[in-house]
Amino acid sequence: MKKLLCLTLALALALTLLAGCSSASSSTPAQSTPADSTPAQSAPAADDTPADEPVTMKWAVWDIDATAYYQPLLDAYQEVAPNVTIEMVDLGSTDYQTVLATQLSGGADDLDIITVKDIPGYANLVNLGMLEPLNDYSTTDTSLYGGTVEQITVDGKYYALPFRSDFWVVFYNKALFDAANVDYPTNDMTLDEYDELARQMTSGSGAEKVYGCHYHTWRSAVQLFGILDGKNTIVDGEYEFLKPYYERILAQQKDGICMDYATLKTSSTHYSGVFYNNQVAMMNMGSWFIATQIEKVKAGESLATEWGIVKYPHPDGVPAGTTLGTITTLAINSKSSNKQAAADFINFVCGEEGQKVVSSTGTIPAIKTSETMAAIANLDGFPQDENSKEALNVVQTYLEMPLHEKSADIETELNNAHDNIMTENVTLEQGLSDMTDGVQSVLNS
């Protein structure tokens, strides 16, 4: 098994709509290809089909009906590559990576273009030899991705290119702040200032209670505060550095500043609902929620009609605008019979023209330019205050889960320990010890 290079370089990311749940399998035809069928640099002859001959490919995706950017990308690609037909194959979002790996494990070439959902999934597919290296296929300057490609490079090769990227911000309810006569949060909040503001904004009781802040049940909502200083990563195998962050949020939970983790978990409460219903003043969440919140306000489903965003709170000594992010990438099935045609499509989507299409749908693209970010800020329904617009400009973004050959198993251990700590099934000290022991066992296996 290859040893994967694990980097925590900075990257300047910016956002998207997270697809919901779907398990139905469908195949939706659509046409597509690149603006110029002649690559900007020489690429290997992966197939023998002439550039102007009809080509049909299949693209593995999830949640076709709930995702805003699929069809616009295909429509835009059709304009420049009318000879290419791309059929989207919906593998569902819940177990997407597992279903995908199962489909590819037989060595079949019926999927050409692969959407890779997360870093553990990427690591697994690379380990299994299911993805084609893109070094000789890419026609886009990889420096435009702000360090992302370096973070997913394995032994000098990268097997996917990012087309969307999300980062964490703080969503806040302006109406609740106005009612409490409290100043809005700012784009430069330390964790101490954030804690003080959350406590100030907590009021009421029972059904009328307003919580000052909110953390979803993902481990990232707590643990990732600890890697903002760039000194640690979540795959190191040592987790004592997380202690002060857990202490702070457990104290907020005890004091009723945020909702109880165990209650959220057992009731399967979704973070969107508590924000829509004006139950929380501030909520740490990914930029993917921007497009969803805009949509739900327009549909009358979100009562939080007056809202804004600010940059993620940071520890003392860490620059404002430092945050955490995730990427979604495109890759080529190593068994595909249409590698060059697949590469042409990927170069279009992940290149500057495709990134304009992505941003026009309210999804944060992987390439952040003044044009793509202005498209997000100018969306109908996006908060028009200057702080919200400025919140889109991050200075440093660390991947939530760095590339590691055992990242999927590490994730399992982190999740188990997090759950026990937040439900107080174990003491914080015991939970961190279990986390360390569990991950060390994975690393040494």
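Q: Hi! Which side chain does K389 meet in a salt bridge?
A: K389 pairs with E386, at 3.8 Å from N to O. A salt bridge here is a side-chain nitrogen of Lys or Arg within 4 Å of a carboxyl oxygen of Asp or Glu. This is a predicted model, where local features need pLDDT of at least 70 and side-chain atom pairs count only at pLDDT 80 or more, while totals for chains, interfaces and linings use all residues. Residues are numbered from 1 along each chain as its sequence is written, and side-chain values use heavy atoms, with hydrogens and water left out.

Q: Thanks! Where do K389 and E386 sit in helix α15?
A: They are three residues apart in helix α15 (residues 386-390), so about one helical turn separates them. Helices are DSSP runs of H or I with at least four residues, strands are E runs of at least two, and both are numbered from the N terminus.

Q: And is E386 buried or exposed?
A: E386 is exposed, with a relative accessible area of 56%, whereas K389 is partly exposed at 24%. Buried means under 20% relative accessible area, exposed over 50%, and partly exposed in between, using a 1.4 Å probe and protein chains only.

Q: How many salt bridges are there by this rule?
A: The count comes to 15. D195, R199 and D255 are linked in a network of them.

Q: What about K356, which side chain meets it at 3.6 Å, N to O?
A: That is E371, in a salt bridge with K356. K356 lies in helix α13 and E371 in helix α14 (residues 370-377), so the pair ties together parts that are 15 residues apart in sequence. K356 also forms a salt bridge with E353, the closest N and O atoms being 3.3 Å apart. E353 and K356 are both in helix α13 (residues 352-360), three residues apart.

Q: Which loop holds S268?
A: S268 is in the loop between α9 (261-267) and α10 (271-276). S268 has a positive phi too, about 55°, and counts as exposed at 64% relative accessibility.

Q: Last one: how many helices and strands overall?
A: The protein has 17 helices and eleven strands. Buried residues make up 55% of its 445 residues.
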